[in-house]
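Q: Got this model open and I'd like to go through some aromatic contacts and a bit of helix packing. Can you walk me through it?

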Amino acid sequence: MHESELYPDAKVTDTSQLTRRISVTHIEQSKEESEQLPVYRLYKRRFAGLFGFILLALVTGMPWAWFGPISTDTAQAFDISIDQVNWLGNIISCVYLPVSLLVPVLCTRFGIRRCVEVGVVTLLISGWLRYAGTITTLSSESAYALLILGQFLSAISQPIFQVLGPKYSEMWFDLKGRTTATMVIAVANPVGGAIGQLLSPLIGTARQSILVLAIISTVVTPALFLIESEPPSPPTYAGSKAPQSLYSLLRTMVGKVRPDDPAYMTPHERLDFVIDTLLFGVLVGAANALSILSAQYFEPEGYSDTVSGLLGATLLLSGVLASVVTAPLFDRVLTHHLGITLKILVPIAAGSWLSLIWAVKPNNTGGLFAIMVIIGVCSLIMLPVGLELGAEVTRNADGSAAILWCAGNAFGIIFILAEGALRASATASPPYNMRAAFVLHGVLVMVVGASVVFIRAKQARREMDERMAQHLHPTRCVEAVPMYPLDTAYSGQSIRSIEKESGSIQDRDDFIPLPDKRDDVKADVIETAVQPDS
């Protein structure tokens, strides 16, 4: 007897057609899910923007240390004091503090490109304002006012390209290039300072050197058009997240954020960021003080202004070479060793700064150059390491960079003002020596450097990016879905290759469709109501 006659009220269906409909529905649902998954991409134009950042960061770093090696010549040319010349560098550090904290706010509201435009305009104006101060008919007070105003405007442009470096690398580069991008932008500014230290005493008079600086500032302005705010698709999970404000980071640091807030940091992460800020601030401030006071450090001991400039440049350029070599290693080999790097390099750098107490003496040129190389290698490697670690523990790239660079310039001001006050008198031997300043310099760096033993340096941002990258680009895992001949909820999925990506299923081209007709067509009884025999 036919099955339909045995169960007259039953609805009979061809399971081949039913399973095909279920399979099609499953494919459509899978496609919808895959379309909702984020797409992480890299664009070649990121290198053009990186090149633009490097050029602009180079030039904005030049005014900061430009007058250090020629402080004596500048004082004589403009009839001003050495302390007034020092303030041509100090003004940049002072203005840097509030501007660096405003950059994340402006970036969150207007984007990277708009901030860069502001930086380029202020750079251009500052160069020609300084040159206007070289007019010989001006009084010394008027000339100095134009010089200080030009330095003031250049102090607006400098933090823009330093603070936005980690944010740009996060927005445009993936895990295999992010640290390297942060490194080249971070070291471009001190390299600009080193180039400024080399050029300013070699060009000619102080007035001629100011003209050259204005020309350089003008030539570099077209680099603005190489930089864009953000790519169409982000390169990583961190690059896809909405930017957090500096205010949220400050609230997090004082424990005013709930654990479910995206800005939340654990107590140890907050401690790590405090230690990172102190280490970064002291080491950057120490290098800044050397750049500004280089002539006053070494000339009383018998070294020329050219040698003084070369010593400062050696510190920076040796560090740049070391950073170029090591930054790709942090992207590809030492990806989870930022904390260990700090614990190794900070004590070496601190000991080298302390050794200047005894090394700065007449006829010790070779020893001083060797110490400058050691300090440069250790300190400049820690620039990208410190910036990346700040972004890792805070998950706020531009906010953490703003605080770190602000701390660096704040400590630079402290060093410069305190050491200027510790300069020996004209009756000392030798006159105007800086031996007491070296004691303060070395001891402060050693004391703060000792805090590195407490840092844990968990790289939370990288761990999240790696998990998301594994989610979207994993090794493929093929699963065979079992067949259930009478259970229509699972039929129609046999011999299907399922690409599982950390729990996410995407359709594959090698999916084998079900045939229109099958030899093993079975009757399935649906919605059968079995009545008892009457």
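Q: F53 and Y168, buried or exposed?
A: Both F53 and Y168 are buried. Keep in mind that this is a predicted model.

Q: How are the rings of F53 and Y168 arranged?
A: Their centres are 4.9 Å apart and the planes sit at 45°, so the pair counts as tilted. F53 is in helix α3 (residues 45-66) and Y168 in helix α7, so to speak distant parts of the chain, 115 residues apart.

Q: Which aromatic cluster has F53 and Y168 in it?
A: One made up of F47, F53, F161, Y168, W172 and F173.

Q: OK, switching to packing. What angle do α7 and α8 make?
A: About 175°, with the axes 8 Å apart; α7 covers residues 140-172 and α8 residues 178-203. That makes α7 roughly antiparallel to α8.

Q: Which residues make the contact?
A: From α7, Q158, F161, Q162, G165, P166, Y168, S169 and E170; from α8, R178, A181, T182, I185 and N189. By class, the contact has 5 nonpolar, 6 polar and 2 charged residues.

Q: Back to rings. How are Y297 and F438 paired?
A: As a tilted aromatic pair, 4.8 Å centre to centre with 45° between the planes. Y297 belongs to helix α12 (residues 267-298) and F438 to helix α17 (residues 435-449), so the pair ties together parts 141 residues apart in sequence. Y297 and F438 are both buried.

Q: And where does the charged end of R207 sit?
A: Over the ring of F78, 4.6 Å from its centre.

Technical notes: Residues numbered from 1 in each chain as written. Predicted model: local features only at pLDDT ≥ 70, side-chain atom pairs only at ≥ 80, totals over all residues. Heavy atoms only, no water. Axes fitted to C-alpha atoms, helices over the stretch in contact; angles between N-to-C directions. Helix = DSSP H or I, 4+ residues; strand = E, 2+ residues; numbered from the N terminus. Parallel < 35°, antiparallel > 145°, perpendicular 65-115°, else oblique. Contact = heavy atoms within 4.5 Å. Nonpolar A, V, L, I, M, F, W, Y, C, P; charged D, E, K, R; others polar. Phe/Tyr/Trp six-rings, centres within 6.5 Å; stacked < 30°, edge-to-face > 60°. Buried < 20%, exposed > 50% of the residue type's maximum accessible area, 1.4 Å probe, protein only. Lys NZ or Arg CZ within 6 Å of the ring centre and 35° of its normal.
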